[in-house]
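Open the model in your viewer and keep the sequence panel beside it. Each stop below says what to select and what you will find there.

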Amino acid sequence: MQGSSIQFPTPSSGSALLDPFGRAITYLRVSVTDRCDFRCVYCMSEDMSFLPKRDLLSLEELDRVCTAFIDQGVRKLRITGGEPLVRRDIMSLFSSLSRHLESGALDELTVTTNGSQLARFAEELAACGVKRVNVSIDTLDPDKFHQITRWGNLSKVLQGLDAAQKAGLKVKINAVALKGVNEHEIESLMHWAHGRGMDLTLIEVMPLGEIDGLRVDQYLPLSTVRERLETRYTLHDLPDRTGGPARYVKVAETGGRLGFITPLTHNFCESCNRVRLTCTGQLFMCLGQEDAADLRAPLRASEDNALLTQAIADAIARKPKGHDFIIDRDHARPAVGRHMSMTGG
Ligand code: SAM
């Protein structure tokens, strides 16, 4: 399929944007803010400087871009950040986007959060048609949690989880595997998550943005984690890919699902169906590459969506095949300069 051209959807065909490698782009991740109320050690430095608020797309503009993508075949939206639930009035964006769920144009509206604000917003999210949330928790030890997040409070996050489950949201836990930090807690995290009916997905540290320490000191290959787990548990590979980079296994002993996101030990690009919008309207076609398309200028240039639609098509036409993340002592610099909080995790 290499070199195939972009196809524009007709309203009734449900056709999708195709990239040069024939991958249909059906999933948009939107970072609505680069700010966060945590400072996770692998994600940010402690004294981050954030974008001036005037550079951000307004909530109305974010709705307009999302809608333009949905018109071109995107079926799944994930709102992320930074911490999406700290953006002022963010529920109005969920509320306005929910019309696409009601119309059937969108299959899923979902959110990735650190959980700090979930107790406040879980019910409203559910009322907006959100069915699933990803909550990032790397440890259940309150002191370690504070060390990793620098500013986070585990009990507040756990209250948020309770509220989410009470509101009927399906919760998936994301945990970054960190050498010497939570590596011996992975089994207990798994038992806890599965015991509450939640999937657990483990993530390898990715070399995104400058942080205070060295990534090679944090990096724990998930191949090692899996080997260790296999000495004590029976892991059955599952075919389901949920359209994402995670590979899942079913753990016979707990009955739960465990996911592995392994950008370093197993490149997941071949099935990539996604692009990422930053809070300033930059569209990244690949998490691990620097190339981005500016959608803010065409968005602001006219009230009509023609320029925006064309800019989206042009961007998808240059989506790269993939990335090559490497973490070792010879590659001490991040693969890309921006933090995950900017592109959206
Ligand atoms: N604040 C929200 C949260 O905590 O989930 C959403 C944004 S956060 C950037 C999304 C996910 O990316 C979190 O699970 C976080 O742990 C993960 N993350 C951040 N930086 C990372 C990195 N360098 N490598 C791997 N995962 C990272």
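Start with the whole surface. The protein exposes about 14,600 Å², and carbon and sulfur atoms supply 51% of that area. Keep in mind that this is a predicted model. Now colour by secondary structure. The protein has ten helices and 14 strands. Of its 345 residues, 55% count as buried. Next, consider how the chain meets itself. Take contacts between residues at least 6 apart in sequence: 70% of them join residues at least 24 apart.

**Stop 1: the ligand**

How many residues surround the ligand, and which are the closest? There are 19 in the shell. The closest are Tyr42, Gly82, Glu83, Ser136 and Met206.

Take three of these in turn.

- Tyr42: an N or O atom of its side chain is 2.7 Å from an oxygen atom of the ligand.
- Gly82: here the backbone takes part, with a polar atom 2.9 Å from a nitrogen atom of the ligand.
- Glu83: a polar side-chain atom lies 2.9 Å from a nitrogen atom of the ligand.

Now colour the shell by residue type. Seven of its residues are nonpolar, nine are polar and three are charged. Then highlight strand 5 (108–113) and strand 7 (170–176). Each supplies at least two residues of the shell.

**Stop 2**

In one of the pairings, Ile173 has Leu200 of strand 8 as its bridge partner.

Are its residues buried or exposed? Five of its five residues are buried.

Zoom in on Leu200. Its relative accessible area is 0%, so Leu200 is buried. To see what surrounds it, show its contacts beyond four places in sequence. They are Ile173, Ala175, Ile186, Leu189, Met190, Ala193, His194, Arg257, Leu258 and Gly259. Then draw a C-alpha to C-alpha distance from Leu200 to Asn174. The two are 26 residues apart in sequence but 6.0 Å apart in space.

**Stop 3: helix 2 and its two ends**

Select helix 2 (90–103) and show its side chains. Buried residues here include Ile90, Met91, Leu93, Phe94, Leu97, Ser98 and His100. What do the buried residues of helix 2 pack against? They pack against helix 1 (59–71), strand 4, strand 5 and helix 3 (118–127).

Step back to Asp89, in the loop between strand 4 (76–80) and helix 2. Its phi is near 65 degrees, a positive value in a residue other than glycine. Asp89 has 51% relative accessibility, so it counts as exposed.

Go to the other end of the helix. Gly104 follows helix 2, and its phi is positive too, near 90 degrees.

**Stop 4: Arg150**

Jump to the loop between helix 4 (142–149) and helix 5 (154–166), and select Arg150. Arg150 is not a glycine, yet its phi is positive, about 60 degrees. Is Arg150 buried or exposed? Its relative accessible area is 16%, and buried means under 20%, so Arg150 is buried.

**Stop 5: Arg23**

Finish in the loop between strand 1 (17–18) and strand 2 (24–25), where Arg23 sits. Arg23 is buried, with a relative accessible area of 9%.

Now show what else Arg23 touches, leaving aside neighbours within four places in sequence. Its contacts are Leu17, Leu18, Cys269, Glu270, Cys272, Lys319, Pro320 and Lys321.

How values were computed: Residues numbered from 1 in each chain as written. Predicted model: local features only at pLDDT ≥ 70, side-chain atom pairs only at ≥ 80, totals over all residues. Heavy atoms only, no water. Helix = DSSP H or I, 4+ residues; strand = E, 2+ residues; numbered from the N terminus. Buried < 20%, exposed > 50% of the residue type's maximum accessible area, 1.4 Å probe, protein only. Near = heavy atom within 4 Å. Polar contact = N/O pair within 3.5 Å; in protein donor to acceptor, adjacent residues only side chain to side chain. Nonpolar A, V, L, I, M, F, W, Y, C, P; charged D, E, K, R; others polar. Contact = heavy atoms within 4.5 Å. Areas by Shrake-Rupley, 256 points an atom, 1.4 Å probe, with all protein chains shown as cover. Pairing = 2+ DSSP bridges.
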